[in-house]
Amino acid sequence: MRTLHPTESVLDIARRLEDAGFEAWCVGGAIRDALLGGAPLDWDLATSARPEDVQRLFGRKRTIPVGIEFGTVCVLDAAGVGHEITTFRRDVRTDGRHAVVEFGASLDDDLARRDFTINAIAMRPKTGEVRDPFGGQRDLDARIVRAVGVADERMKEDRLRALRAIRFAARFGFFIEAETQRAIESSAPYLTQLSAERVQQELVKTMQQVECPSQALVRWRDSGALRALIPAISDVSDAALATLDGVSRAGAGGRAVSQRTSNRIAALFLDCSAEGAREALKALRFSKHEITWSASLIGAWQSLHADMELALERGTVDDRGARRWLATIGRTHARGFMRVVHARWKAERLAGHAAPSEGAVRSLHKRLMRGRFDAIEIGDLAIGGDELRAAGIPPGPLFAKILGALLDRVLEIPARNTPEALLADLPDIVAAFNGGAGSLLQH
């Protein structure tokens, strides 16, 4: 059997619990991941100590009651890193969304309430003893996701387990055991019991943790979970799902990882209208930033992809056309947009559909990135509202129209973005908007 190596902080916490007369066992995902050959940093513990015992033992400054009604206290180690310590518990009552628990259970009782056998393995840090009453190690070796006990009962206790089973199978390349799969499919109509926040978190975890999230989302779709939870994409195409796999989840750190997750979310809704995607993401309680990002990428795709595909096929993309596309996409969204459409066109080609070639897409990407330094937005113009007022144009809706027309000329000929050239264009533009009434301008 593989050797498990908890961190020194976890060993110290477990030692203090046992010295005080309590049991202390490492449980959950850290055990699973370590047995799979990983090196988890986030080790949780289960204990016979009640929450108040844990708080008393480690003191107020080192404990945070993150879920005390469920028996969970976060204990901070010397470096300020939190470790969740949860009292052995059993479920008294569940409604598919929330559970009422009681303490005073044994370790085996605690493991029996867990979702899947691969997550129901415990290890005593002090001795290395492993407790595995449901054959989790056997299922890890066989690459199987299997519910603990009766699968239907586990799903009824918490409907989110259906989605978690799918995520684990896709993440690790496991099979889902037949009874567990049937229970997942039976759960689909009841998934609406879940809060939008929990569904969103599970979707985000899938995008973050799974190298090829299409494997998970195909199961969401085919099991009926998508229809129940995100009806706007209930019939999402295989090409749209394959696009997710082409949008990298890799990255070293914060914003890069977060942005790529956002790109995957946008890719999932690429065949929706921007407004439809906005409403679906709003219903899932995504942040305003996430919603705006996805809607911007989707709106640009819906507006441009047909023209882009035609121009790339004909080889007629010039700098002027690229600037106009970039103006529609927006400088901020250009890189994310190209990552998503690059993945989409690759998925289309792999499916045997007509799509721009790899070389053509890479060339366009480079051209758009160069164009980021050109004037592509009204704010980039060499003149603005002050200059229009100074020219005698009264503030109002006409301002935006004039600036838009000036930008249109600059997109054609970037060299025209000088105060002199733009002011020289004003008489013709104002006359066009006012039926020849160029006299608005001061001469």
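**A buried asparagine and beyond**

Reply: Asn263 is buried, at a relative accessible area of 1%. Buried stands for under 20% relative accessible area, exposed for over 50%, and partly exposed for what lies in between (1.4 Å probe, protein chains only). The model is predicted: local features need pLDDT of at least 70, side-chain atom pairs count only at pLDDT 80 or more, and totals for chains, interfaces and linings use all residues. Residues are numbered from 1 along each chain as its sequence is written, and side-chain values use heavy atoms, with hydrogens and water left out.

Asn263 belongs to helix 13 (residues 254-268). Helices (H or I, at least four residues) and strands (E, at least two) are DSSP runs, numbered from the N terminus. Setting aside residues up to four places away in sequence, Asn263 touches Val247, Trp293, Leu297, Gly336, Arg339 and Val340. Contact here means heavy atoms within 4.5 Å.

Now the cores. The largest nonpolar core holds 118 residues, and Leu203, Trp220, Ile230 and Phe269 have the most contacts inside it. Helix 15 (residues 288-314) gives the largest share of this core, 10 residues. Such a core is a set of buried Ala, Val, Leu, Ile, Met, Phe, Trp, Tyr and Cys residues joined through side-chain atoms within 4.5 Å. Beyond four places in sequence, Phe269 contacts Ile230, Ile233, Ala277, Ala280, Leu281 and Ile298. Another core, of 10 residues, lies apart from the largest one; Ala46, Ala105, Leu111 and Ala120 are among its members.

Trp220 sits in helix 10 (residues 214-223), whose buried residues are Ser214, Ala216, Leu217, Trp220 and Ser223. Just after helix 10, Gly224 has a positive phi of about 95°.

Next, a helix pair. Helix 16 (residues 319-329) packs on helix 20 (residues 397-412) at about 140°, with the axes 8 Å apart. Axes are lines fitted to C-alpha atoms, for helices over the stretch in contact, and angles run from 0 to 180 degrees between N-to-C directions. Helix 16 and helix 20 are therefore oblique. Under 35 degrees counts as roughly parallel, over 145 as roughly antiparallel, 65 to 115 as roughly perpendicular, and the rest as oblique. Arg320, Arg323, Arg324 and Ala327 of helix 16 meet Asp408, Leu411 and Glu412 of helix 20. By class, this contact has two nonpolar, no polar and five charged residues. Ala, Val, Leu, Ile, Met, Phe, Trp, Tyr, Cys and Pro count as nonpolar, Asp, Glu, Lys and Arg as charged, and the others, Gly among them, as polar.

Seven strands form an open sheet in the order 3-4-5-2-1-8-9, with mixed pairing. Strand 3 (63-67) and strand 9 (130-131) are the edges; each has a single partner strand, so one side of each lacks a neighbour in the sheet. Two strands pair if DSSP finds at least two bridges between them. Strand 3 runs antiparallel to strand 4 (residues 72-76), joined by three bridges. Thr63 has Val75 in strand 4 as its bridge partner.

Strand 1 (residues 24-27) is covered on both faces: Ala24 and Cys26 are buried on one side, Trp25 and Val27 on the other. Strand 1 pairs antiparallel with strand 2 (residues 44-47) over four bridges, and Cys26 bridges to Leu45. Strand 1 also pairs antiparallel with strand 8 (residues 122-123), over two bridges. There, Val27 bridges to Ala122.

Helix 1 (residues 8-19) lies across strand 1, strand 2, strand 4 and strand 5 (82-87), at about 35° to strand 5. Helix 3 (residues 51-58) packs on the sheet too, touching strand 2, strand 3, strand 4 and strand 5, at about 15° to strand 4.
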